[in-house]
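Work through the exercises below with the sequence and the 3D view open. Try each task before reading its solution.

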Amino acid sequence: QAGYSRSALQDQNAAALKLAADQTATTIENFIADTLYNTTINATLPIFSNYIETPESERAASGVEAALNATIESIEKSQRLAYLESIGILDAAGKNIYDSDPKLEGQDESGEKYFDITSKTGTPYLSSIHLPNEEEAYFVFSGPIRDKNQELIGVLRLRYNASIFQRLAADNIGLFGEESFPIIVDAQFIRIADTVNPRFVYQPVAQLSNQAIQQLQSVKRLNPSFQANPETYIPAIIKTIQNIEGDRTFTTDIKGMDPRYPETGVVVKMSKAPWYLIYVQGQGPLYEILDRQNRIAMIVSALVAGIASLLATVLSRVLSNPVIKLTETAEKIASGNLEIAAPVETNDELGTLASAFNMMTRQLRSFINELEDRVQARTQDLARQNEFLVLRARQLQTISDVARDVASAQKIEVLLPRVANLISERFGFYHVGIF
């Protein structure tokens, strides 16, 4: 029973943990989906195509630049201002011809993947996390800018501080108790957010080869100063991701959580980005619940055992007393006391047997009395006829001897089997014994 309760509690715990992971993943994906959609819609505003098509020398005088500034300000107010770093307009060649961050204006962004994919496919795009030298990590949403003929003439680019994902993850801490935390990793197993150990953000959960480190540094996915740190590795997460179509739960020890108990976690594959949401929970509260259940189960088991023992004793006495009394009665009858009767105290099989036993005793008593009366009467007849039946005296004596033999044969030892058979036949007992 304790094992069943433990398994049921662990199953409930895993199901609740999956719900917390799904809810957190939904929060992240809603932000991505909403921002991609808004970027696509904003890119269709006529002001962006007008700005690109208006010669640079005429933008200020024509009022296009002022209208663009007002539009950018409106977009910034509708977005997460604390994390939106800049809004840029890239022309068809990838040159940044306008940016809300003046430092970025004029840069060539044609080599960036977000420009390349959006300009070629005409679809919105979410970039991976960039870790530039001595700057905070960022990522980009991009959307196509088209002219009146729906020809793609530029790209609208929104640059966000990547710490927004740490904030979104932190908002979902404790969905399944105080010791529950979300972690986000990308397809290269690098943390995007870690609410257990925030200092491990942008560190890999797996050990990387030197070649992989160099490749990730070249695409700005790892800091140039990156140093491998075994403390950041969580092999159980890697194994679960690699088997994501199977069991999505795992158990492991995670640095920064209660070292007395292992942690359990679940992995959710996100659909809006090639990332994975991991939700982990400390097992301390679960083990405390299981310990309490075990203690309660032990107490209950002891109480049940005591009650069962008491009931067994009482039932034993209730069941054995009628048998003992019936046995004593049988012994007295066997010794020749036919006046005694077995007590009938219940209506069950023992009561039925006692009644049958008493009936047998009465029949025996009646039969013996009747037999004695017959022998006495016969003896008197023989005495009266003795003087007249001298010739037959010897025959009568012989008959008398035979009668005595018969009488001596009709004793309890002979009669009891017959009585037992009679009881068995009349009452349908499988076995009848007289003790």
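The model is predicted, so local features need pLDDT of at least 70 and side-chain atom pairs count only at pLDDT 80 or more, while totals for chains, interfaces and linings use all residues. Residues are numbered from 1 along each chain as its sequence is written, and side-chain values use heavy atoms, with hydrogens and water left out.

**Exercise 1.** Find the strands that pair with strand β9 (residues 263–269).

Solution. Strands are DSSP runs of E with at least two residues, and helices are runs of H or I with at least four, numbered from the N terminus. Two strands pair if DSSP finds at least two bridges between them.
- Step 1: strand β8 (residues 249–252) runs antiparallel to β9, with four bridges; T249 has V266 as its bridge partner.
- Step 2: strand β10 (residues 275–282) is also antiparallel to β9, over seven bridges; K269 is partnered by Y276.
- Step 3: the hairpin from β9 to β10 has five residues.

**Exercise 2.** Describe the surroundings of A169.

Solution. 
- Step 1: A169 lies in helix α6 (residues 163–170).
- Step 2: its relative accessibility is 0%, so A169 counts as buried.
- Step 3: contact means heavy atoms within 4.5 Å. Leaving out residues up to four places away in sequence, A169 touches I28, P182, I184, A193 and T195.
- Step 4: A169 and P182 are 13 residues apart in sequence, with their C-alpha atoms 5.9 Å apart.

Key: Buried means under 20% relative accessible area, exposed over 50%, partly exposed in between (1.4 Å probe, protein chains only).
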